[in-house]
Amino acid sequence: MSTATEHVGHDAEHAHGEHHHGAPAGIKRWLFTTNHKDIGTLYLWFAFIMFLVGGAMAMVIRAELFQPGLQIVEPNFFNQMTTVHGLIMVFGAVMPAFTGLANWLIPMMIGAPDMALPRMNNWSFWILPFAFLILLSSLFVEGGGPAFGWTFYAPLSTTYSGDSTALFVFSVHIMGISSIMGAINVIVTIFNMRAPGMTWMKMPLFVWTWLITAFLLIAVMPVLAGAVTMVLTDKFFGTHFFDAAGGGDPVMFQHIFWFFGHPEVYIMILPAFGIISQIIPTFARKRLFGYASMVYATASIALLSFIVWAHHMFTTGMPLAAEMFFMFATMLISVPTGVKVFNWVATMWRGSMTFEVPMLFALAFIVLFTIGGLSGLMLAITPVDFQYHDTYFVVAHFHYVLVTGAVFSIMAAVYYWLPKWTGRMFDITLAKWHFWCSLISVNVLFFPMHFVGLAGMPRRIPDYALQFADFNKWISIGGFAFGLSQLIFLALLIKACRHQGEKVSDQVWEGAEGLEWEIPSPAPYHTFDTPPVIK
Amino acid sequence: MAQQEAPVAYEKYYVPDQSPWPIVGAVALFLIAVGAGNFTIEMTKGKEGFGGYTLAAGLFLLMVMLVGWFKNQIDESMSGLYSAQLGRSYRQGMLWFIFSEVMFFAAFFGALFYARMIAIPWLGGASNNAMTNEVLWPGFEAMWPLVSTPGGIQTQAMGWMGLPAINTVILLISSVTLHYAHVGLEQAKRKQLTVMLGVTILLGCIFLGLQVQEYVHAYRDLGLTLQSGIYGNTFFLLTGFHGLHVTLGTIILIVLFFRVLKGHFTPKEHFAFQAGSWYWHFVDVVWVMLFFFVYIL
Ligand code: HEM
Ligand SMILES: [Cu+2]
């Protein structure tokens, strides 16, 4: 397979030692790489490490909440743990994992030789570890790290925060730059690098959902940058954006933040929808039901996500008209979301189903994500939210959509495509242990949160009333069990990276369709130097 | 499939080999972020430290990276490695980048509109907020420009006549001259290209000079500072970030100028020029919005 690009590249590139054939060796391979598969791997490992780090912080939180009263950590440190846990999981685990999958899969799915802007691709990955280095090191600054929640509401982040806020602000800037560059790369790749014949409505849904996600990222990450900038100037340079004494308004912070924040939650779920839409047809051995409606549903979810942000702010005293508008707009989003769930179920209807590990995770996703969607619907009802806001009910809601939603979809994706990446089947026994332990513990962990939330237990507080003690014990036990279950996943991944396991065929899964299943397993370092033929 | 001969005509996409520049850039951004963070703390809290030096080192490294990366890029482009498809990738990438910049400014315009339309009227007792005004900020009157804040900060407003109006004219003309430079490039009229590009750069510099004067005027004569409440906040952040963008745009144009002198661009292929001029027009549009919403209204 002599590569077309290589011939062209020779004269200008003789300065570099390597050629295009295989992967260069050593650390330089990873530092200097322009290869979408290498960069995808880097993103995925980084996300997994961050998942474990953020998970360790969750363990601290659950240890403190195991019993009522203050026993293990100082309240201020508890707040730092909830804050940094949230930031790490959102920006360090879920988003980079999806970007890693995008890097690995999009070029293979659309028949492109690589991402459109390979060097920028490297840059957008490598600034991420640095951003989190800054964020984590801020925990050791005098006065402690950020302790104002991942939503960094003013005045908590302005008047009442420590010096480390400056480090927090600049680390968020870097995360934002990374996301924007990654998103630009994805969009340009999809617009410009599809193999001839790969028309828009032939694109796999994972590609579609990522295209729309990338658009959301470019639209809202700069708004987040604006929000942290105003926090920085308010805290350090005497501006009054979020201070009524100077004509500003702390509620304005929430508007700006959630204008970013709500699309952000869809950034974390749309690629998951794409993954599930790839996996279900494979193991149901049927074509996806309602492909076009899936595309339109994704696009309408993305557009609607710009006009619902204030459902996070029902209790801030907005005018009645605003409360009503945001309530109905939010409920409207459940329609396209419902379309998706319906289509997945309809795909399985009368299919010849088998239950390989990716399918197990995908099925768990459908059921448990829907539970999260339903609690979201409850929260969207303004008068009801007055009661639930800032209680554990909200924590239950977003962990169902994010952990059993986004995170389960990522795990499903890893199990689905890992054999394609390594050329070998993962350890199925371990994988099943991982699935069942995770499934049971995650529900022990998050389901009782609904009950304590409805009963009024506030979130982000290191102590609680005695009446919540029993449930919290179980929540903590579920939490530790879920944390430990992820070590099974770690063991499995290490085994997979050491090339253990049986060799797999090119197609890997019996019902799998798409370009990535037509190339050899493991996927060669460079694919599609010559565009493939699309049937 | 990969091994088959392609039946249709396709273009060879240039996938570069390994490159050291991105990781250099990552280290640079790391130093900038750590440096800027610590510098902010040290500057405002009167502490000693290395923040400023770290920041400077980061900026220096970023310059090194940009020079190295662009040189690499220019060499590749000059040796004909690039295809039309790659050109499209760059163009689209640039447009999406500009869109992200639009959204960055939108956040600050949003703050401006929110303060004017909602926060300040409410503080003055509008809608159902009579008691907010009565109890919390008695005597405060809603107005814009907010020259007297609820907390009692006094300042004066910046008028739109004089420097701002002149600056608007300057930037608008610069957009036109840059357009004619581009036309000159496309029609291979070298003289028109260099002269018009040179004039654009000059206009950019004049704009920046006048903007500095305006800031001096604001601070010295009007008492309008960054700390003057929401009016001063939005004024300085919006015009400040705009000024930063004009500075960057001017630097880009200067680089383009030297590349023009070296004969780097052809009437057909001149992505860098195209991108630079898009950027400049974007910065102009932002100014028009600023002039309208920050100065006039
Ligand atoms: C069916 C669609 C959904 C609806 C109707 C919905 C509704 C809501 C509402 C009303 C709140 C605010 C609750 C409060 O603070 O009082 C909320 C919070 C939240 N939702 Fe959803 N949601 C939906 C889906 C999702 C999805 C798909 C995700 C993420 C993948 C998500 C992530 C979150 C997060 C992270 C929060 C809490 C933010 C915080 O305060 O820290 N939601 N949701
Ligand atoms: Cu939301």
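Predicted model: local features only at pLDDT ≥ 70, side-chain atom pairs only at ≥ 80, totals over all residues.
Residues are numbered from 1 along each chain as its sequence is written, chains are lettered from A and ligands numbered from 1 in the order in which they are written, and side-chain values use heavy atoms, with hydrogens and water left out.

A:Cys437 has a relative accessible area of 26% and A:Cys497 one of 42%; each value falls under partly exposed, the class between buried (under 20%) and exposed (over 50%), with a 1.4 Å probe and protein chains only.

Around ligand 1 there are 22 residues, of which A:Trp150, A:Asp385, A:His389, A:His397 and A:Arg459 come nearest, where a residue is near if one of its heavy atoms lies within 4 Å. The table gives polar contacts, that is, pairs of N or O atoms within 3.5 Å.

| Side chain | Ligand 1 atom | Distance |
|---|---|---|
| A:Asp385 | oxygen | 2.5 Å |
| A:His397 | nitrogen | 2.8 Å |
| A:Arg459 | oxygen | 2.8 Å |

Two or more residues of this shell come from each of α8 (250-267), α12 (357-380) and α14 (392-422) of chain A, helices being DSSP runs of H or I with at least four residues, numbered from the N terminus. The most is given by α12(A), with 6 residues. By residue class, the shell around ligand 1 divides into 13 nonpolar, 7 polar and 2 charged residues, with Asp, Glu, Lys and Arg counted as charged and Gly among the polar ones.

Conventions:
Polar contact = N/O pair within 3.5 Å; in protein donor to acceptor, adjacent residues only side chain to side chain.
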